[in-house]
Amino acid sequence: MEINMKNKWHIILYLAILCFFALSFFKYENYIAPGFEIAMFIWVFIIGSVSLYYYTKNEDNHHKVALIIILLFGITCVFLTPIDDVSDEQEHFVRSEIVSTGQVLTDYVPIPNTTVNGYKTIESVTLLGENAGKNVFATDVDDSKISFTPSYFNSAFSQNPFYSYLPQAIGILMAKLLDLNAIWLLWLGRIFNLALYAGIVTFAIRKTPIMKFPMLIVSILPLAIYQAASLSVDGMFSALAILAFAYFLYFYKTPKIKWSDLGIFYIAIILCGLLKTPFLALSLLLFLVPGDHFESKNQNIISKAAILLALIIGLVWGGYSTSVLGNSWRGEFFASHHVNATEQMTYLLSHPSFAVERFFNVFSQFPTIAERFFYFSNDVRNYSSLLMAILYLLFFVIFSLVYPLDEKFEIKTRAKGLLIGFLIYVGVIGVQYLTWASVGAESVINGVFGRYFMPLLIFVPLVINTDFFEYDRETLSLLFLTIAVSFISGMILLTVSVKY
């Protein structure tokens, strides 16, 4: 690879940060036989260097750079992340396999020879689930052929819409048709899910006329790639939110908005909102668009009135999803922990001072939520990184403050953006508090994880970016991208250290 002397420094910086993370995460016992750790260190250095080199040759094609980075690091995560190790992946796996059979809705049926209900799947899915958290070197279950013997699992995310499992289902169906080993049910499902995330994000960055680089940085957040390279629906949710934001930026700069673009904007928001209801508030971004950018006064009125339709669709789906939420292990959990949304709301209304305290907790608990951006796997006790969380928070705040945006947003626009972002942030915490916390619980972050807020990061540079500094955009872009890629690499080195 030819590297221009002018750009050689970013490879040296990347290697230095990589060494820092490797030494920080490397376990003492691995020094005895560090072969795999060394091999993965070399691998991430290669794909990271390729990504950075590709950027130096395609600085004006941020969407292509995003595609390359997401695919290179995402494919690595597909095969490296242990079996069903991503948060709730076993449950997503069951639902994905059910959708692969053509079922739109799931049937909660009695499990034979038991007194409980569950969801019918195939034996290979449940056998892999029994080995959750193990890598492919630690079990032989991955080497067996796919077993289609009926099997049952107690939960299958029946509250999620079926379309969020279509890419995973296509991968699983392909593994079945090709008669591959059982592990390919998981791997091909992950690959198709990753491909969808990469495709939507690439299109979004290409569509937006401004803030392309900030959108690139947000889309390659380590947790975003980690989730996209799994069977989780969080990859699709994040991609759709990023797409909706890209269309808002397109409307903000486009003199005459087309009805077809408004349609795509709303489709993205509704599909995203059915997965995470508070993100329906992204539709409020239309109030930030200059009024003279709409084709007519009627288009302006109708497009904003459609916000109510989106909210109605979300509320209707929310009622259905809540009704089936207990058709899983959650039902027993809710009963034993006194979780009831109606009673929780009644309690808050009858104890206003307590409700006010809970509201202000959303501010005091922000550091914990930020730390959870670097919670990987179900077992967060030994698979998270406070070090990466602190360093990334510093990195992203500095980036958002000083990176020169190609659009100078007015104070009024920033204030509205801050309000919308805050509404979504509080909404996510509020929904989780109503549906997961015991009635009268002190903590407002029970069941709240950083991955629920990933798309909100794009609001940060819009709101806090300052014009006080003047830096060379080309130099800053390469510097920030180098650091961002280093964090993705650090996540992979953490996986190797903990799981291998």
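Glu 97 and Lys 176 form a salt bridge, with their closest N and O atoms 2.7 Å apart; a salt bridge here is a side-chain nitrogen of Lys or Arg within 4 Å of a carboxyl oxygen of Asp or Glu. The pair links distant parts of the chain, since Glu 97 lies in helix H4 and Lys 176 in helix H6, 79 residues apart. Both Glu 97 and Lys 176 are buried, where buried means under 20% relative accessible area, exposed over 50%, and partly exposed in between (1.4 Å probe, protein chains only). The model is predicted: local features need pLDDT of at least 70, side-chain atom pairs count only at pLDDT 80 or more, and totals for chains, interfaces and linings use all residues. Residues are numbered from 1 along each chain as its sequence is written, and side-chain values use heavy atoms, with hydrogens and water left out.

**Salt bridges**

- The count of salt bridges comes to eleven.
- Lys 207 and Asp 261 meet through their side chains in a salt bridge of 3.5 Å, N to O.
- This pair also links distant parts of the chain: Lys 207 is in helix H7 and Asp 261 in helix H11 (residues 259-273), 54 residues apart.
- Asp 261 is buried because its relative accessible area is 6%.
- A salt bridge of 3.4 Å, N to O, joins the side chains of Asp 234 and Lys 276.
- Here the distant parts linked are helix H10 (residues 234-253), which holds Asp 234, and the loop between H11 and helix H12 (297-325), which holds Lys 276; the two residues are 42 residues apart.
- Asp 234 has 5% relative accessibility and therefore counts as buried.
- Lys 276 is buried as well, with a relative accessible area of 17%.

**Three-stranded sheet**

- Helices (H or I, at least four residues) and strands (E, at least two) are DSSP runs, numbered from the N terminus.
- Three strands make an open sheet in the order S1-S2-S3, with antiparallel pairing; two strands pair if DSSP finds at least two bridges between them.
- Strands S1 (109-110) and S3 (150-153) stand at the edges, each with a single partner strand, so one side of each has no neighbour in the sheet.
- S1 and strand S2 (residues 117-122) run antiparallel and are joined by two bridges.
- Val 109 has Gly 118 in S2 as its bridge partner.
- Helix H4 (residues 89-100) packs on the sheet and touches S2 and S3, its direction making about 65° with that of S2; contact means heavy atoms within 4.5 Å, and the angle, on a scale from 0 to 180 degrees between N-to-C directions, uses axes fitted to C-alpha atoms, for helices over the stretch in contact.
- Pro 110 stands opposite Asn 117 in S2.
- A hairpin is formed by S1 and S2 with six residues between them, and Asn 113 in its turn has a positive phi of about 65°.
- Four bridges pair S2 and S3 in the antiparallel sense, and in S3 the bridge partner of Tyr 119 is Phe 153.
- In a regular strand the side chains alternate between the two faces of the sheet.

**Nonpolar surface patch**

- Phe 20, Leu 386, Leu 387, Ile 390, Leu 391, Leu 394 and Ile 398 form a nonpolar patch on the surface, with about 600 Å² of accessible area together.
- Patches are made of residues with over 30% relative accessible area and no salt bridge, joining like charges within 9 Å and nonpolar side chains (Val, Leu, Ile, Met, Phe, Trp, Tyr) within 5 Å.
- Accessible areas come from the Shrake-Rupley method with a 1.4 Å probe, and for residues only the protein chains shown count as cover.
- Helix H17 (residues 386-402) supplies the largest share of the patch, six residues.
- Leu 391 is found in H17 and counts as partly exposed at 30% relative accessibility.

**Two loop residues**

- Ile 220 is in the loop between helix H8 (212-219) and helix H9 (222-228), and counts as buried at 1% relative accessibility.
- Not counting residues up to four places away in sequence, Ile 220 touches Ile 69, Ile 70, Ile 225, Leu 481, Ala 484 and Ile 488.
- Leu 178 is in the loop between helix H6 (166-177) and helix H7 (183-207), and is exposed, with a relative accessible area of 53%.
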